[in-house]
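Look at the chain below before reading on. The paragraphs after it go through its parts in turn.

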Amino acid sequence: MNIETLLVYTTVTFFYVTSPGPAIILAIVNGLRADMKTVMISSLANIIGLFILSTASILGLGVILKTSSTLFMIVKILGALYLIYLGYKFLRNKGGFNISDLEDEKIVKSKKSYFLESFILAVTNPKPILFFTAIFPQFLDLNSSIAPQFFIMTGIFLFISFSSLCTYSYISKKSKAFFKNQRRINIVNKITGGLFIFMGLGLLKMKNQ
């Protein structure tokens, strides 16, 4: 796996992971409701769920993609189109933050409840499922061993995920006013949308290794 591909993968992963989605919304709400220790427990549950999804996808897709260049091309196109579709939704303010999702309610829950809530969300969330099945595989070098690439790429994804969830939670705790201003949120959505469309078009130009 060459460094250029790894850098492109890291960039795509960063913007994909840090864009608004169910896990991010939950992290923000948890930041408004709970302490940072609870937030970290919730974030840990999330990346455990993500690791399970990643492992399942690579076990199934790794063998198939290595033997079918046509399927690889289909997966590549679907992954790129999905990014472009997400970008369109963000530009239309239909895929990002919504103030109604960020109500600051005082809800008392156990740390176990926070853990389970985040874990279940992770393993059922279509956002990472689509990433690991449609975007993740196209960065693999099919002429090299899959296992080392899997651990490196999954490790990057999990690190960015954990860091971003904790960061969003901390920022929401310290900057409640920002997340209650829909005009600012709309600007964030439009910037995110443009980035997704740009990355989707870029993936279409990538060649199978």
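What follows is a walk through the helices, a core and a cavity.

This is a predicted model, in which local features need pLDDT of at least 70, side-chain atom pairs count only at pLDDT 80 or more, and totals for chains, interfaces and linings use all residues. Residues are numbered from 1 along each chain as its sequence is written, and side-chain values use heavy atoms, with hydrogens and water left out.

The protein has nine helices and zero strands. Here helices (H or I, at least four residues) and strands (E, at least two) are DSSP runs, numbered from the N terminus. Of the 209 residues, 45% count as buried. Buried means under 20% relative accessible area, exposed means over 50%, and partly exposed is in between, with a 1.4 Å probe and protein chains only.

Helix H1 covers residues 3-18. The expected span of a helix is 1.5 Å times one less than its number of residues. For the 16 residues of H1 this gives 22 Å, and the end C-alpha atoms are 22 Å apart, so the two agree. At the start of H1, a side-chain oxygen of Asn2 comes to within 3.2 Å of the backbone nitrogen of Glu4. This is a polar contact, that is, a pair of N or O atoms within 3.5 Å; within protein, one must be able to donate a hydrogen and the other to accept it, and residues adjacent in sequence count only if both atoms are side-chain atoms. Thr18 is also in H1. Thr18 counts as buried because its relative accessibility is 15%. A polar atom of the Thr18 side chain lies 2.6 Å from the backbone oxygen of Phe14. Other buried residues of H1 include Leu6, Tyr9 and Tyr16.

Helix H2 (22-33) is mostly covered, with ten of its twelve residues buried. Among them are Ala23, Leu26, Ala27 and Asn30. The twelve residues of H2 should span 16 Å, and its end C-alpha atoms are 16 Å apart, which agrees.

Met36 lies in helix H3. Met36 counts as partly exposed because its relative accessibility is 23%. Met36 and Tyr170 are 134 residues apart in sequence, yet 7.3 Å apart in space, C-alpha to C-alpha.

Which residues touch the most other members of the largest nonpolar core? They are Tyr9, Tyr16, Phe131, Ile135, Phe136 and Phe157, in a core of 29 residues. H7 gives the largest share of this core, seven residues. A nonpolar core is a set of buried Ala, Val, Leu, Ile, Met, Phe, Trp, Tyr and Cys residues joined through side-chain atoms within 4.5 Å.

A search of the whole structure finds two cavities of 30 Å³ or more. On a 1 Å grid over the protein atoms alone, a cavity is a set of points where a 1.4 Å probe fits but cannot get out, and lining residues have an atom within 4 Å of a point. Grid points are joined across faces, edges and corners, and a volume is the space filled by probe spheres set on the points. The second largest cavity has a volume of about 60 Å³. Its lining includes Ala23, Asn30, Ser42, Ser118 and Ser169. H2, H3 and H7 each supply at least two residues of this lining.

Key: 1 Å grid on protein atoms, 1.4 Å probe; cavity = no way out; pocket = protein on both sides within 12 Å on 5 of 7 lines; lining within 4 Å.
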